[in-house]
Structures are given as C-alpha cells and as structure tokens.
Amino acid sequence: MTKFKKIILRSFLVFLILIPIAAVAHFIIFPQESRCILIDYSGFKKEGRLYFSANTSPAKMDTLKLLIAQASFRVAGFWGKKNGDPKFIYCDSEEDFKKYGNERLDPATTQYKLGTYIVISNEGLDLDIIAHELSHAELYERLGFFKMMFTIPRWFDEGLAMQNDYRNYYSEDTLKVRSDNFRNLPDVKKFTTGGGFNEGSQEQVMLNYMAAKHAVNNWYSREKLDKLIADLNGGKSFEEAFK
Ligand SMILES: [Zn+2]
C-alpha cells in the first residue's frame, strides 16, 4: 500500500470513530435536541408531522390539530406566508416534556437543529403559545441555524415571536401599568444570548417578554422585517441590519 493510500485509510478510520463520539457528546450536551432529532425511533405515535405520547386522548389530539391549524394561519398572515414545516412533539406528561422540551417545564419550546421541533406540553395547548413557537420556527426557516444561534439576539427572537402571541397578560396595556407608563422598562436589549432573559423571578421574566414585545412592536413593519432578513442573509450584522 502506498503512503498516500495509508493516510487516506487512516483518516477514514479516524472519521468513522469520531462520528459515534460526536453523536454521544451531542446527546450528553443537548439531550432534548438529540431526542427530538431521533423522534422517529421513539415510542411516540405519528400522524404526518405530529408526534404524540401513545396515551394521548383522541379529544386532545383533535384540539391540538385545530390549534396548530389556527396558529399556522395567524403566523402565515404575519409573515406573508408560512415557509416553515416544523415537526410537533406533544408530551402529555411532565416526564416526557423534560425529555424533549426542557427541565424548566415551559408550556412549549422550539428546538432548532437539523430542522425545527415544536415541543408542546399539556399547558401549551393554547393558540397564542403555539403561534409564538411557530413564529420562532419561521425566523429559523428564513435564517438557518448559524444566524439563528449567533446573529439574532435573544430579545429580538422573543419579541418577534410575541407579535403573534396575544395573551392578555403580555399586552401593551399590562406593560404600561407595570412599567409606570413605559418609563421604567427593563433593558432587554442587553440579552443577546439565551442566558439572562429567562432568569430571575417569574414576574421579571414576564416583564422581559413584555418589554421585548414592545421593542419589536415599536420597530416592526413587514417591509422592515423582510429587509432585515435580506440584510442578515447578505452578511450584515444584526446591529447594522436593525438600524
Ligand atoms: Zn419564545
């Protein structure tokens, strides 16, 4: 065997060894995302792109399908059209939600990796919550994994998703009362990455969501959003594109 062939063979063997190591490492670091990617090999039942625990009642499934259809319609209206086609994973128990969603037990969450996975708990059976998660998936669809992770600040991602989330307790009216007529708003723009946005008391976290919604609402028009996406895809930084 020539030296060149030996190098190729050795590189190939190293590559074969690294794949399972990388897969195991990914599972250890991102257990929920890994399980979502492997949902087809779980015990969950499947109907189209909707996965659900085997013991979910037919009535709940009907509600879930209706809410997904209504939320999709709302999100398509906001974005002009719906580009994303996420998988939905409905977890009827807290135990399942911890496996696929998060330990925090949010009502729902969206995982972005090798596609989008909207993980919904029993508390997430709500039109506003599903529309919120679908909005995250739409932004991901337009920008891709790396821009979503490293370019889009957390406050903007949440503030944009909140535009399709009409829950009363996150409304402008609520924020007006809670912030002394918008004079005392939290500085949400400091939350560029995931960390701090969801930390603190429940009251503080809710205020962060309201303030992010308010900041995006003050900026938003369809034209501005389309231009922002085009500029980011053209290589501009968020700060340049958001001006
Ligand atoms: Zn969100």
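How many helices and strands does the secondary structure of the protein come to?

1. The secondary structure of the protein comes to 12 helices and five strands, where helices (H or I, at least four residues) and strands (E, at least two) are DSSP runs numbered from the N terminus. This is a predicted model, in which local features need pLDDT of at least 70 and side-chain atom pairs count only at pLDDT 80 or more, while totals for chains, interfaces and linings use all residues. Residues are numbered from 1 along each chain as its sequence is written.

2. On overall dimensions, the C-alpha trace spans about 75 × 50 × 35 Å along its principal axes. Of the 243 residues in the protein, 28% are buried; a residue is called buried if 20 or more other C-beta atoms lie within 10 Å of its own, exposed if 12 or fewer, and partly exposed in between, with C-beta atoms placed from the backbone. Among contacts between residues at least 6 apart in sequence, 68% join residues at least 24 apart, a contact being two residues whose C-beta atoms, placed from the backbone, lie within 7 Å.

3. The protein is divided into domain 1 (33-144) and domain 2 (151-243), with bounds that come from an automatic or database domain assignment. Taken over C-alpha atoms, the centres of domain 1 and domain 2 are separated by 22 Å, and 12 residues of domain 1 are in contact with 14 residues of domain 2. On the side of domain 1 that touches domain 2, α3 and α5 each supply at least two residues, and α5 gives the most, with eight residues. The residues of that side divide into five nonpolar, four polar and three charged, where Ala, Val, Leu, Ile, Met, Phe, Trp, Tyr, Cys and Pro count as nonpolar, Asp, Glu, Lys and Arg as charged, and the others, Gly among them, as polar.

4. Helix α3 (residues 58-79) and helix α5 (residues 127-143) have axes that come within 8 Å and cross at roughly 50 degrees; axes are lines fitted to C-alpha atoms, for helices over the stretch in contact, and angles run from 0 to 180 degrees between N-to-C directions. That angle makes α3 oblique to α5, since angles under 35 degrees count as roughly parallel, over 145 as roughly antiparallel, 65 to 115 as roughly perpendicular and the rest as oblique. The residues of α3 that meet α5 include Leu67, Ile68 and Trp79, and their partners in α5 include Leu127, Ile130 and Glu138. By class, this contact of α3 with α5 has nine nonpolar, three polar and two charged residues.

5. Helix α5 also packs with helix α7 (residues 154-161), their axes coming within 8 Å and crossing at roughly 125 degrees, and α5 and α7 are therefore oblique to each other. The contact is made by His132, Ser135, His136 and Leu139 of α5 and by Asp157, Leu160 and Ala161 of α7. By class, the contact of α5 with α7 has three nonpolar, three polar and one charged residues.

6. Leucine 114, although not a glycine, has a positive phi of about 50 degrees; its place is in the loop between β4 (108-112) and β5 (116-120), and leucine 114 is exposed, with 10 other C-beta atoms within 10 Å. Asparagine 181, likewise not a glycine, has a positive phi of about 55 degrees; asparagine 181 lies in the loop between α8 (172-178) and α9 (194-197) and is exposed, with 8 other C-beta atoms within 10 Å.
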